[in-house]
Amino acid sequence: MTHVYASDYHTEGKLIYLAVDAGTTNTTVWLMKDERILRQCKQPVGVQQTSIRGNRELLESTLRRTLRSLSQRAPSPPRFVLAAGMLTSSSGLLEVPHISAPAGIDKLAKAVRVKTFTRISALPFFFVPGVRIGRTMCDLSDVVHSDVIRGEETEIVGFLADPHRRFHRTRWLLLHVGSHAKTIEVDARGRIIRSVTTLSGEALHALRTHTILASRLRNLKQLKLHKRFFEAGVRCSERYGVSRALFMTRLLERNPQYDQRKLFSFFLGSLMASDWQAFRSVGLLSPGRLKILLTGQYNLQSAWRFMLTKHYAVEVVSPQVRAKAFLAGLREIVFASPAYRQFHPQMR
């Protein structure tokens with residue numbers, strides 16, 4: 001795979017631009033100077049609100065306000081906006097069709113789209129497409145092996161571009177745990193070849209805030225995992241099913257000996273056992289030497305690390321390192337795209 005760097009595709013000296021990562025529940029915007037972050041702003045608004053409200057007004061107003069605020073603090077006017085993630089979905093700003101796996105940087109770059117949204121900003125937006133595993137319209141016969149990715153493909157390109165990482169000619173996995181849990185396989189040629197996604201993050205939030213469990217689990221802070229209760233939750237889910245195991249949390253909370261940490265650990269183990277089964281059942285977590293990068297929410301990361309380190313080499317990626325990879329991936333993909341070359345016709 002040929003790596004592409006921002007310095008290869010602009011000659012203006014210092015390039016000022018904005019970058020956006022929009023997810024299901026949050027949106028982060030960075031003010032960039034070449035490869036350096038000048039400022040950033042994270043808002044608790046994502047495409048989930050678009051789906052619930054049936055319109056994009058909140059998403060658009062949040063972006064408009066954030067882009068304007070960061071632009072006013074820029075050393076010179078930003079030139080454009082680079083974007084990936086759920087902004088390219090049907091609930092985002094512009095639905096960009098997924099490209100089919102296997103997919104590497106070349107294929108991603110060719111499918112970059114550019115568009116201006118006058119309601120938000122006069123700047124052009126460059127959108128990185130997501131990746132689809134399987135057919136565009138899956139049916140019951142192939143839905144098990146179908147999946148979609150938006151945003152993680154950009155991180156993967158960024159990780160591959162990092163000269164300090166040794167992924168060349170090696171198969172590895174990215175496991176991201178947040179609103180959704182995703183395990184993505186990258187082959188020895190640096191291409192995304194398959195993935196599996198679950199709804200566990202959204203289910204986790206809904207179950208602990210809008211069910212009978214809310215009285216003890218609604219107001220959670222970062223909690224250290226209680227391994228015995230977590231393992232018990234996993235075993236109960238595997239033996240009795242996830243729904244029954246989740247209700248066992250309700251039964252256990254009647255015992256005054258069990259604090260929030262123990263209850264949440266049991267509850268989390270019950271839910272994560274289902275993800276573990278989903279990832280293993282299609283061979284993504286098959287036994288053997290395998291490097292896994294683990295990104296996402298702290299509580300979920302610690303639980304997955306506990307489950308994985310018995311069998312695999314796991315690197316827990318901090319939010320800062322993940323953001324750096326995402327931004328590097330944006331530059332790699334967009335600056336190599338025909339859309340960007342047309343925007344800067346002097347570039348060859």
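## Largest cavity

The largest cavity of this predicted model holds about 60 Å³ of space. It is one of three cavities of 30 Å³ or more. A cavity here is a set of points, on a 1 Å grid over the protein atoms alone, where a 1.4 Å probe fits but cannot get out, and lining residues have an atom within 4 Å of a point. Grid points are joined across faces, edges and corners, and a volume is the space filled by probe spheres set on the points.

The lining of the largest cavity consists of Val177, Gly178, Ala181, Ser200, Gly201, Leu204, Leu268, Leu271, Met272, Asp275, Leu300 and Trp304. Two or more residues each come from helix H5 (200–209), helix H9 and helix H10 (298–308). H9 supplies the largest share, four residues. Helices (H or I, at least four residues) and strands (E, at least two) are DSSP runs numbered from the N terminus.

## Basis of the values

Residues are numbered from 1 along each chain as its sequence is written, and side-chain values use heavy atoms, with hydrogens and water left out. Because the model is predicted, local features need pLDDT of at least 70 and side-chain atom pairs count only at pLDDT 80 or more, while totals for chains, interfaces and linings use all residues.

## Salt bridges

The whole structure contains 10 salt bridges, each defined as a side-chain nitrogen of Lys or Arg within 4 Å of a carboxyl oxygen of Asp or Glu. One of them joins Arg119 to Glu60, with the closest N and O atoms 2.7 Å apart. Arg119 lies in the loop between strand S6 (113–116) and strand S7 (124–127) and Glu60 in helix H2 (residues 57–72), so the pair ties together parts 59 residues apart in sequence. Glu60 is buried at 11% relative accessibility; buried means under 20% relative accessible area, exposed over 50%, and partly exposed in between (1.4 Å probe, protein chains only).

Arg171 pairs with Glu185, their closest N and O atoms being 2.5 Å apart. This pair links distant parts of the chain, 14 residues apart: Arg171 is in the loop between helix H4 (152–161) and strand S10 (172–177), and Glu185 is in strand S11 (residues 181–186). Arg171 is partly exposed at 28%, whereas Glu185 is buried at 5%.

Salt bridges link Arg135, Asp139 and Asp142 in a network. Between Arg135 and Asp142 the closest N and O atoms are 2.9 Å apart. Arg135 is partly exposed, with 47% relative accessibility, and Asp142 is buried, with 18%.

Leu140, Val143 and Val144 make a nonpolar surface patch of about 330 Å². Patches are made of residues with over 30% relative accessible area and no salt bridge; like charges are joined within 9 Å, and nonpolar side chains (Val, Leu, Ile, Met, Phe, Trp, Tyr) within 5 Å. Accessible areas come from the Shrake-Rupley method with a 1.4 Å probe; for residues, only the protein chains shown count as cover. Val143 lies in the loop between strand S8 (131–133) and strand S9 (147–149) and is partly exposed at 40%.

## Two buried residues

Val81 belongs to strand S4 (residues 81–85) and is buried at 0% relative accessibility. Leaving aside neighbours within four places in sequence, Val81 contacts Leu18, Val20, Leu123, Pro124, Phe125 and Phe126, a contact being heavy atoms within 4.5 Å.

Glu253 is in the loop between helix H8 (242–252) and helix H9 (260–281) and is buried, at 9%. Not counting residues up to four places away, Glu253 touches Ile212, Ser215, Arg216 and Leu263.

Notes:
1 Å grid on protein atoms, 1.4 Å probe; cavity = no way out; pocket = protein on both sides within 12 Å on 5 of 7 lines; lining within 4 Å.
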